[in-house]
Amino acid sequence: SSLLKQVALDNWGSPQIRSRQNSWLQYVEKDVCAMVVAWFAKEDLEHFFNLLKGDTEVDQSRLHYWLRFANQMSYTRIVMGADAWNDGGRDFVHFREKNKGRLSRLVGGSSRNNAVVMQIGNYFFVEFSGTGNACFVYESDKSPFDPDKFQLELTSELKQPHRAKARMLHTPAPSKPTRIEGWLLKFDDSLGKLGIRVQSQ
């Protein structure tokens with residue numbers, strides 16, 4: 001029930017905001033809290049790769065790839081560039097209103113670019129909406145940035161190759177967006193080395 005979810009959000013805050021995590025756990029079981037967090041992760045990924053695509057077409061292979069891990073994501077944060085932050089279109093206004101308190105601003109890069117921070121296990125994965133950007137991986141307890149910050153800088157915080165655990169490139173492209181081949185297979189190998197594998201929903 002979207003209404004029930006909204007009432008819970010209004011009263012307990014977001015289950016993804018770490019300082020408020022216990023508010024949810026006072027009223028629901030840990031498994032229920034994890035399920036709601038997974039719902040948010042799925043919504044965030046779909047919004048990120050569809051609504052926040054910038055001037056480029058949606059990279060369906062990236063959306064398909066990360067949705068396979070949505071049920072393991074304990075945290076997601078969308079970081080919006082200036083274009084998306086200031087867009088007066090109905091979809092953008094509704095999105096910003098609905099996600100108030102769960103969004104950050106991206107500064108220091110192209111106004112069209114956006115980022116999403118996803119936590120799986122003890123790692124942050126940072127993807128960008130603009131194609132041609134690598135996915136940066138950081139250990140969450142050694143992260144060079146605080147993902148809850150209202151404003152995040154592109155190169156001094158989100159893109160730090162020397163401090164990243166890995167920098168994963170989206171090449172070669174798969175023959176079809178839903179095929180686990182090319183870079184998707186390489187990503188699976190990289191995540192497997194971090195102890196992360198696809199789990200049944």
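Visitor: Rings of Phe, Tyr and Trp (its six-membered ring) count as a pair if their centres lie within 6.5 Å. By that rule, what does the count of aromatic pairs come to?

Guide: Keep in mind that we're looking at a predicted model. Apply the 6.5 Å limit between ring centres, and the number of aromatic pairs comes to 17.

Visitor: Take W12 and Y27: is that pair stacked or edge-to-face?

Guide: The ring centres of W12 and Y27 are 4.7 Å apart, and the planes meet at 10°. Planes under 30 degrees apart count as stacked, and those over 60 as edge-to-face. With an angle of 10°, the W12 and Y27 pair is therefore stacked.

Visitor: How many residues apart in sequence are the parts that W12 and Y27 tie together?

Guide: W12 belongs to helix α1 (residues 2-12), while Y27 is in the loop between α2 (21-25) and α3. W12 is partly exposed at 21%, whereas Y27 is exposed at 52%. Because one partner is in a helix and the other in a loop, the pair ties together parts of the chain whose separation in residues is 15.

Visitor: Which residues form one aromatic cluster with Y65?

Guide: This one is a group of Tyr, Trp and Phe residues.

Visitor: On to charges. Which residue has its charged end over the ring of F128?

Guide: To sit over a ring, NZ of Lys or CZ of Arg has to be within 6 Å of the ring centre and within 35 degrees of the ring normal. Here the distance to the centre of the F128 ring is 5.2 Å. The residue with its charged end there is K159.

Visitor: How many salt bridges does the count come to?

Guide: What's needed is a side-chain nitrogen of Lys or Arg within 4 Å of a carboxyl oxygen of Asp or Glu. E157 and K149 qualify, with their closest N and O atoms 2.8 Å apart. By this rule the total number of salt bridges is 8.

Visitor: E43 and K98 form a salt bridge; how many residues apart in sequence are the parts they tie together?

Guide: The closest N and O atoms of E43 and K98 are 3.8 Å apart, which falls within the 4 Å cut-off. E43 is partly exposed at 22%, and K98 is partly exposed at 37%.

Visitor: What about E127 and R62, buried or exposed?

Guide: Their side chains meet in a salt bridge at 3.1 Å, N to O. E127 is in strand β4 (residues 123-128) and R62 is in helix α4 (residues 60-67), 65 residues apart. As for cover, E127 and R62 are each buried.

Visitor: Which residue in β7 stands opposite F136?

Guide: Strand β5 (residues 135-139) has 4 of its 5 residues buried. β5 runs antiparallel to β4, with 4 bridges, and V126 stands opposite F136 in β5. β5 also runs antiparallel to strand β7 (residues 166-168), through 3 bridges. In β7, the residue opposite F136 is R167.

Visitor: Which residue takes a positive phi in the hairpin of β4 and β5?

Guide: Most residues other than glycine have a negative phi. This hairpin has 6 residues between its strands, and a phi near 95° turns up at G132.

Visitor: Which residues does a cis peptide bond join?

Guide: Most peptide bonds are trans. Here, though, there's an omega of about -5°, and P172 is in the loop between β7 and α8 (183-193). The cis bond joins T171 and P172.

Visitor: Which residues make the nonpolar surface patch of about 260 Å²?

Guide: Patch members need over 30% relative accessible area. V32, in helix α3 (residues 30-50), gets in because its value is 33%. The patch is made by V32, M35 and W39.

Key. Residues are numbered from 1 along each chain as its sequence is written. This is a predicted model: local features need pLDDT of at least 70, side-chain atom pairs count only at pLDDT 80 or more; totals for chains, interfaces and linings use all residues. Side-chain values use heavy atoms; hydrogens and water are left out. Patches are made of residues with over 30% relative accessible area and no salt bridge: like charges are joined within 9 Å, nonpolar side chains (Val, Leu, Ile, Met, Phe, Trp, Tyr) within 5 Å. Accessible areas come from the Shrake-Rupley method with a 1.4 Å probe; for residues, only the protein chains shown count as cover. Helices (H or I, at least four residues) and strands (E, at least two) are DSSP runs, numbered from the N terminus. Buried means under 20% relative accessible area, exposed over 50%, partly exposed in between (1.4 Å probe, protein chains only). Two strands pair if DSSP finds at least two bridges between them.
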